Structures are given as structure tokens and as C-alpha cells.
Amino acid sequence: MLETTFTTAGGTVLLTDTLSVPDTRSLAPGRELLRRIEGLAGSVPMRWSVQPRFGYGTRASRLAHRAGVPVATCGPDAVAVCAWDAGQPQCTAEAITAQFRADVGTRAMIALPYADQEPLVLPARAECESRLQHTTATWRQWTDNRTYTGPWREAVLRSALALKLLVFAPSGAVAAAATCSLPERIGGNRNWDYRFSWIRDSAFTLQAFLKLGCAPEATGYFWWLMHASQLTHPRLNVLYRLDGGARAPERTLALSGYRGSAPVRVGNAAAGQLQLDTYGELLQTAWLYAAGGHRLDADIARRLAETADFVCTAWQQPDAGIWEVRSRPEHFTQSKMMCWIALDRALDLAKQQLIPDRHTDRWQRRRHAIATFVETRCFSPRLNSYVRSAESDDLDASLLLGLLHGYRAPDDSRMHGTVAAIQRTLQDGPYVHRYLGPDGLPGSEGAFLACSFWLAEALARCGHLDEAAHLMQQLVALANDVGLYSEEIDPATGAFLGNLPQGLSHLALVSAACAIEQATR
């Protein structure tokens, strides 16, 4: 829910916007946007307009009245515009508009119920008012039930709300972001569709839900993940649609883009890449789920063991890495570390008799081989740091995940050296860049906010609590006025870049806050 106050020379108006939570006591639209307009002082002239754009504006809509209510339709899709005390709606060829005055003490309401291949429900005003109150109570109760009590509680709760809002209720999937093609550099072409669920985020997602006391969300997400990954087993897609589907073909729309940042892309070609770190994320997620006291049924246990078998043969391949570069595949260090994590977690699950243990000898041999590869080919004695890829001298902030996910212990000297090297090379005040090397795309990007939170967590785990807390304090101050974070930030201006809200940024905030609290305690 969002409240916006407009103050003018003539008076003050409060707008309350919400996507309503259905009230099961009455027939309600499956999807409904509500806007309430309240006059708080004086008298303010208001004008509103609804301009339906089906299919990203590629399909024409038909505007007509149904039971006296303006309705825009296009094939099986329909959206109604219900207005009360908000002027007399007028239909033109492309829009539904009205004008009115918001005087002190008045209250207007506009509702946009939406239907897709289902009956369109036209609500009564009293029902909309009731659902708005119900939605307010639902979110306040949900927030009050969160279990985090450490420092930066307000920021953690705002992140929890953002993550909850990114949950696709019908399936339990968590979208990486709610937006599409917001640029990583204004005027640039690094514009991606993030309205999918990434395996890369899975362990952080499950861990955040468990730490925040969100057991239903954790269970729903885990079972969605098991369903989606089954469709491509034993291989994993980098990302899946929110309904669990595996196809996400990328195409370009004939739109100018945000502030002229084109192309505008929908779909994401990264879905077809090989990204080996996803296998470690999947096994880490299952391991965390089991550690939380949940059971793994026989079919899932078998598939997890088969995933470990697949890692034994696939780990030696070059891949696109966690950042889904569009240059040639490489032997990315973080990918190899996560393959080690995959086999290590499989071995532990097998030891607990939670998954079949027929191939544990092979898993142990391959885990040792992966560690040998990483320690001999992915570490630079000159830099005293792990490097971005085998035989490279470049650094990558994703190497911090080797510490966060447990490839090496926090007191490991090589991990300490890596954290220090990332600080020297990729950190700029509170901002941390993902990497500085080429990635197959023209142009540049901003600092990656999740990497800043990863660094704060890594510092806390390494015992540098004062430094971690200071960095965390700086990062919390970067949130916008409603506590949201985008994917990236421009270090020169502090402006957000990329899609917003970005789930990974909020996941990293929750993880860092919990780690600093635990280390302090």
C-alpha cells in the first residue's frame, strides 16, 4: 500500500493506492487496483486518466460500457474503471478520463478490477472500501508477525514487505523484480526483463523467509522450486517463469524505453545459458530447508542425488557465470565454488539419510577435484585473492559468496585476502562493483547493491564488526523514501539504476543484517 500526499496552494489531498487482498467473505475480483482520494484541506482540482495498453501496446483495446461502467477489452482480457465521487468518466478512443474537485472532508474512490480468461467482477463501492480496510489490516498483521528484532529493524521489515510483494501467490515463486527493462545506465542498452524467478536467488530467498519467520512463504517457495526444476531435470535453467515454465524467449518491443534507454526487452535469453552456480544454490536451498526441520519426500530426495551426479560430470565445463555474461563462457571461480557446495551439501544430506547415498564416494572424489582446481588455478598469490576466473588477474564481488555460502570458513586466510582485495579494487565508499572486466556488452553499469550488502556480511563473518556495521549504516541510508532498493546505483549521483524493487538487493540486506546481529550477539 502506498500513501502520497499532494500539497498545493489551494489545499491538500491524500492518495492511497493498493493492490487489494481478496476478502473471502464476498465475491471479489482476482486482481484489483484501488485508489482512494481524500481531501484533507482546502479544495484541489483533480484530473485522472486510464489508458489501457494490452500486449505492451501492440494490441488494440475496445472501450465500451457494461452496466454503466467503462470497460476496456482485448480478446480474453478486460479491465473495468469503477469511479465514485471522482467525476463523471468519459470514454474517448484511447482513454477513460474524468475531472472533479477534492474538497476538505470528501472521499473519492477509483477501482480497476482486471480479468484474464475469467468473468469480470464489477464491485460495489462498499466492497472496495471494505477490501481496502482488510488489506491494511492484513499487511499490518503480517508485518507484526515478523520475528527479526535486531538493528536496522525498519529496513529489514521494509525488505520483508518487498519480498512478500514479489511472491507470485498462485505458485509461490518469487520474482527477481516487478519491472522490465529499467536501464543499468540511463540511455544505455543493458535493459533486462527481471519478472522471472532466478535459481541464483534461491538459497538467499529460503534463508530470508526462515529467518523472518515466514514459514508458509518458505514452504511455498521450496515446493515451487522443486516443481520448476523437475521440468528440466537434471539440468537447471538459470531462471523460470513464475508459473514454473522453462521458456522465456527474449524479444524487443518497439518502445523508446525509460528516458530513452532502448532496446526494451521482454523475456530473457539468459534462460538458455549454462550457469553452474545454480546447482550449488539448489542443493544449498534443500539443505537449508531440511535444516529448518522440513522433510524431503522420496522423489525430491532422488532428484537431489541425481543433481549431485550431474555436477560430477558438468563441473569442468566453462559457463556464463552468476552474472550471465554474454561473452564467451569461462571457468568462473564462483561457479566452481558453488559446484563444490553442491557436492558438499549432497554429502551432508546423504549422511543424514535424507537423500540416497549410493554415489557418495564419487561425490567426495569430485568435491576434492573441484577444490584442487579452485586452489591451484583460481587463486593469485600476487593478489593474495581468489580471482574472477581460472588463470585470471581480475576480481569479482561474487567471490564473497564463497565465504557466505561456506566454501571456506570465515577464518580462512585466502578468504580474508579476497575480502581485502575486493575492498581495494571494487569498493568505492559504500558502493561495490560486480567486476571491471569485459562481459560481451557495450556500455557500462552502476554499482551493484547486493554486492555492497555481501561485503558488509563478509566483514561481519570475518570479525570486522565495526567496519561491517558502518558500511551497513551507509547502505541503509541509500534506500528510497519507502525503503526500496533497485538493482544498482550510480556512485556519482546516488540515483537508482536497473529494475526496482530488486529482490536480490533486499535479500542481501536481510542476510547482512541477520549476520551482523548474530556476530554481535
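Is W198 buried or exposed? At 1% relative accessibility, W198 counts as buried (under 20% relative accessible area, with exposed being over 50% and partly exposed in between; 1.4 Å probe, protein chains only). The model is predicted, so that local features need pLDDT of at least 70 and side-chain atom pairs count only at pLDDT 80 or more, while totals for chains, interfaces and linings use all residues. Residues are numbered from 1 along each chain as its sequence is written, and side-chain values use heavy atoms, with hydrogens and water left out.

The structure contains 16 aromatic pairs, a pair being rings of Phe, Tyr and Trp (its six-membered ring) with centres within 6.5 Å; planes under 30 degrees apart count as stacked, over 60 as edge-to-face and the rest as tilted. F196 and W198 form an edge-to-face pair, because their ring planes lie at 70°, with the centres 6.4 Å apart. F196 is likewise buried, at a relative accessible area of 8%.

For W323 and F448, the centres are 5.0 Å apart and the planes stand at 65°, so this pair is also edge-to-face. It joins distant parts of the chain, 125 residues apart: W323 belongs to the loop between α6 (298-314) and α7 (333-351), and F448 to strand β21 (residues 447-448). Helices (H or I, at least four residues) and strands (E, at least two) are DSSP runs numbered from the N terminus. Both partners are buried, W323 at 8% relative accessibility and F448 at 2%. Ring pairs connect F204, W323, F448 and W454 into a cluster.
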